[in-house]
Amino acid sequence: MPPPLNPHDIYAADRPGELSRVVKDFPSRVYVPNTLSNTVSVIDPKKFKVIRTIQVGSQPQHVVPSWDLKTLWVNNDLGNSLTPINPATGKVGRPVDVHDPYNLYFTPDGKHAVVMASMDRQLVFRDAHSMRVVKSVPVDCYGVNHADFSPDGRYFIVSCEFSGELLKVDTARKKVVAKQRLPLAGAMPQDVKISPNGKTWYIADMVANGVWVLNGDAFTRPKLLPTGKGAHGLYVSRDSRSMYISNRGEGTISVLSFRTGKLVKRWRLPGGGSPDMGGVSSDGKVLWLSGRYNAEVYAIDTRNGRLRARIPVGGGPHGLAVYPQPGRYSLGHTGIFR
């Protein structure tokens, strides 16, 4: 895999405006998969307005940038397909048959896609371009959904939403090498994100109402940091100093300081809402989140937490992608860039 630009900060390539030559001329857009409407709403972030609606397969869950940054893949979970979108032109390609693609990641060397086949209870390694199956890895937990990779790419950690478990997977061997159950009855782990120094992992948990703090290398028992009701999405600021945590059950966003490991702010959406998945704008000034139960998208000022816009979209908006974003390559989900 390409080594980090800074061994002390794995997000060093994600600074404001540091766009790859591959994406520097792409129009800036926000792509919102609407799970209940089977559409993708395309937002112009300058106008805070939907400018296009794309019909896709059944129950689109996430819009995922490919490793090489050239394609956006819409994960049509119940439609058993991936719909490609060319972010340079907006052209929609022919759907690719892929079974149960709840979420999608890419190995750090760019060779394989990893499909989170939640209902099939599998991690399916596929060719990153053709999506041909290379290896299917059965798992004995329920609801594999989110992941992140170690700084050297040797392993990744996966959350199992419906059984409250975590998996540690050897990337090269394509094999689950460790598993643990979170120490809370009914735990529902969601998004996974690693700290800039690569030493600490954070796992959002909707039932625990916070994030689990984990040593990924040792994979020992994690500790819970309460953040808010229905903690769900995790997003790193452009300066690598903070992490934004969406608390879907109470309409707030908590801000964590990576330096202290403590919460420093909590922003509340005026009038409430259900902030879910999203990403940070290229310049780092706006946090974009879907409103899962409110058929809307939120644009939040990262300097003060002020809600800049509330944009109506289709039903059940979920894993939206802000694109393009800085970074040399994508590890998947709604945009994990290195």
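A: In this predicted model, R303 has a relative accessible area of 53% and is therefore classed as exposed, the threshold being over 50%. Its salt-bridge partner is D301, with the closest N and O atoms 3.1 Å apart. D301, by contrast, has a relative accessibility of 2% and so counts as buried. Elsewhere, salt bridges with shared partners connect D140, E165, K179 and R181 in one network.

The strand setting of D301 can be described next. Strand 26 comprises residues 296-301 and runs antiparallel to strand 27, residues 307-312, the two being joined by five bridges. Within this pairing, A299 lies opposite A309 of strand 27. Five residues separate the two strands of the hairpin, and in it G305 adopts a positive phi near 80°.

The total number of salt bridges is 14. One of them is formed by D148 and R338, whose closest N and O atoms are 3.2 Å apart. D148 and R338 are both buried. A further salt bridge pairs R154 with D152, with 3.4 Å between the closest N and O atoms. Here R154 counts as exposed because its relative accessibility is 62%, while D152, at 41%, counts as partly exposed. Side chains of opposite charge can pair when their charged atoms come close.

E165, a member of the network named above, is also among the residues touched by Q180. Q180 is located in strand 15, residues 175-181, and its relative accessibility of 12% makes it buried. Its side chain comes to 3.3 Å from the backbone oxygen of F219. Leaving aside residues up to four places away in sequence, the contacts of Q180 include G164, L166, L214, T220, R221 and P222.

Y142 sits in the loop between strand 11 (133-138) and strand 12 (144-149). With a relative accessible area of 44%, Y142 is partly exposed.

How values were computed
Residues numbered from 1 in each chain as written. Predicted model: local features only at pLDDT ≥ 70, side-chain atom pairs only at ≥ 80, totals over all residues. Heavy atoms only, no water. Helix = DSSP H or I, 4+ residues; strand = E, 2+ residues; numbered from the N terminus. Buried < 20%, exposed > 50% of the residue type's maximum accessible area, 1.4 Å probe, protein only. Polar contact = N/O pair within 3.5 Å; in protein donor to acceptor, adjacent residues only side chain to side chain. Contact = heavy atoms within 4.5 Å. Pairing = 2+ DSSP bridges. Salt bridge = Lys/Arg side-chain N within 4 Å of Asp/Glu carboxyl O.
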